[in-house]
Amino acid sequence: MIVVKDLKKNYNGLDVLKGIDLTINKGDVVCLVGPSGCGKSTFLRCLTRLEEPDGGTVMLDGKEITERDIDATRAQMGMVFQHFNLFPHLTVKKNITLAPVRLGRMSQAAADKQAMELLERIGLADKADVYPNMLSGGQQQRIAIVRALAMNPEVLLFDEPLSNLDAKLRNQMRAEIIKLRQKINTTFLYVTHDQTEAMTLGDRIVIMKDGFIQQIGTPQEVFDHPANLFVAGFIGTPPMNFFDAELVGRGGHYAVVLDGMTVELSENKQQRLAAKGVAGQHVTLGVRPQHISLQCESGSVKARMDVFEMMGSEIHLHANVNGRDMVIIVPTTDINGNYSDAFTIGKEIDFSFSGSTCHLFGNDGKNLEF
Ligand code: ADP
């Protein structure tokens, strides 16, 4: 439905988009995620023609957008912004019907009927005649989405809709949007800098940095198989731990050596590395905090305890390995509640990791397996 090829945008000599390729199919829920300033909003603005790209093409339903009527293109793309932008002096129903009636899309009666159907679908029919300030933040958000839907857009574009909210409301609204997307069958392109939002909302995640797409995949794919160091460190909380290590390959068999401890890689990893003919080399070893173990049956590495954070069901242990910080997640059930004794600050601890859940990155930062 939307096919973007080699999209480029430059502001005053600064290359913000350096060649973006992305295909969005009908019904897709795609999250575009990346740190602030990486070009996400510029990308959205190029799609909606609020900016003219400097290169590349954007096809909507098979036709280049510059050859389409600009108003018709924008009407096909409903926008939901950070600020809900509801009119405070209009009732909920009026907020929803205003644009379609003003733009001559439908009569007031038809727009009213559609508004009631949409409100019914999101469980807010009883709020049709109230004003926005009588609604909770979550309800206002839903109304803003319904208002965008009232124009019957082919795709809904969300530009960081939750970033102004406090953490609790943000979690609630994230859940609201997940529920909503199950009720309305529309294509979503959701832009956020928050990887948790992207992981929970997207069927597909597009990770962007420095004007390039770093990886596209399902949440599970980008979590399990990050394409490079940036994606590995950006996706997942707390972030992945990184260590300097050696990959050793003897007779087509690979192991990783960290601080004198040798860990054999899993069969899958062996095969992927062998298929690519990867040579033994110095690597950055990545291990997620969830995958570090304090049970060390066959060898261990020493670390020094810094602090621990009691999170309720788990403890986040911060430790130091040869000057590098690392985080270990320990389920509280593992230590029978006696965590103060177990984790004294400054104490030396032993840890290990498994050859099936570690990640290996080469000199150029790319995942050596893919
Ligand atoms: P994001 O949405 O990922 O935070 P933006 O697309 O807003 O990033 O911005 C990407 C880069 O482009 C930033 O360095 C920003 O300063 C720059 N930029 C954005 N809009 C303009 C503009 N109209 N003029 C000049 N520079 C801009």
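**Figure 1. Overview of the predicted model.** Residues 24 or more positions apart account for 66% of the contacts in the protein that have a separation of 6 or more. The structure shown is a predicted model. The protein contains 11 helices and 20 strands. Its C-alpha trace spans about 75 × 50 × 35 Å along the principal axes. Of the 370 residues in the protein, 48% are buried.

**Figure 2. The largest nonpolar core.** This core has 42 residues, and those that touch the most other members are Ile96, Leu119, Ile143, Ile145, Leu156 and Ile207. Helix α5, residues 137–149, gives the most to the core, with 6 residues. A second, separate core consists of 32 residues, including Tyr254, Leu273, Leu285 and Phe343. In soluble globular proteins, nonpolar side chains tend to be buried together.

**Figure 3. Surroundings of leucine 119.** Which residues are in contact with leucine 119, leaving aside its neighbours within four places in sequence? They are Val92, Ile96, Leu124, Ala125, Ala128 and Ile143. Two of these partners, Ile96 and Ile143, are, with Leu119, among the residues that touch the most other members of the largest nonpolar core.

**Figure 4. The crossing of helices α3 and α4.** Helix α3 comprises residues 92–102 and helix α4 residues 108–121; their axes come within 9 Å and cross at roughly 130°. The two helices are therefore oblique to each other. The crossing in which α3 passes α4 is right-handed. On the α3 side, the residues that meet α4 are Val92, Lys93, Lys94, Ile96, Thr97 and Val101. On the α4 side, their counterparts are Gln108, Ala111, Asp112, Ala115, Met116 and Leu119. By class, the residues of this contact are 7 nonpolar, 2 polar and 3 charged.

**Figure 5. The crossing of helices α3 and α5.** The axes of α3 and α5 come within 8 Å and cross at roughly 30°. α3 passes α5 in a right-handed crossing. Val92, Asn95 and Ile96 of α3 make the contact with Ile143, Val146 and Arg147 of α5. The contact of α3 with α5 has 4 nonpolar residues, 1 polar residue and 1 charged residue.

**Figure 6. Asparagine 85 and alanine 144.** Asparagine 85 lies in the loop between β6, residues 77–80, and α3. With a relative accessible area of 43%, asparagine 85 is partly exposed. Asparagine 85 and alanine 144 are 59 residues apart in sequence, and the distance between them in space is 7.5 Å, C-alpha to C-alpha.

Figure 7. Threonine 237 and proline 238 are joined by a cis peptide bond, with omega about -15°. Where is proline 238 placed? It is in the loop between α9, residues 229–234, and β11, residues 241–250.

Figure 8. Most residues other than glycine have a negative phi, and most peptide bonds are trans. Aspartate 6 has a phi near 50°, a positive value in a residue other than glycine. This aspartate is found in strand β1, residues 2–11, and its relative accessibility of 37% makes it partly exposed. Asparagine 12 also has a positive phi, near 45°. Asparagine 12 is found in the loop between β1 and β2, the latter covering residues 14–24. Is asparagine 12 buried or exposed? Asparagine 12 is exposed, with a relative accessible area of 84%.

Figure 9. Serine 266 is placed in the loop between β13, residues 261–264, and α10, residues 267–275. Why does serine 266 count as buried? Its relative accessibility is 19%, and buried means under 20%. Not counting residues up to four places away in sequence, serine 266 touches Gly355 and Ser356.

Methods. Residues are numbered from 1 along each chain as its sequence is written. This is a predicted model: local features need pLDDT of at least 70, side-chain atom pairs count only at pLDDT 80 or more; totals for chains, interfaces and linings use all residues. Side-chain values use heavy atoms; hydrogens and water are left out. A nonpolar core is a set of buried Ala, Val, Leu, Ile, Met, Phe, Trp, Tyr and Cys residues joined through side-chain atoms within 4.5 Å. Buried means under 20% relative accessible area, exposed over 50%, partly exposed in between (1.4 Å probe, protein chains only). Helices (H or I, at least four residues) and strands (E, at least two) are DSSP runs, numbered from the N terminus. Contact means heavy atoms within 4.5 Å. Axes are lines fitted to C-alpha atoms, for helices over the stretch in contact, and angles run from 0 to 180 degrees between N-to-C directions. Angles under 35 degrees count as roughly parallel, over 145 as roughly antiparallel, 65 to 115 as roughly perpendicular and the rest as oblique. A crossing is left-handed if the near helix is turned anticlockwise from the far one by less than a right angle, and right-handed if clockwise. Ala, Val, Leu, Ile, Met, Phe, Trp, Tyr, Cys and Pro count as nonpolar, Asp, Glu, Lys and Arg as charged, and the others, Gly among them, as polar.
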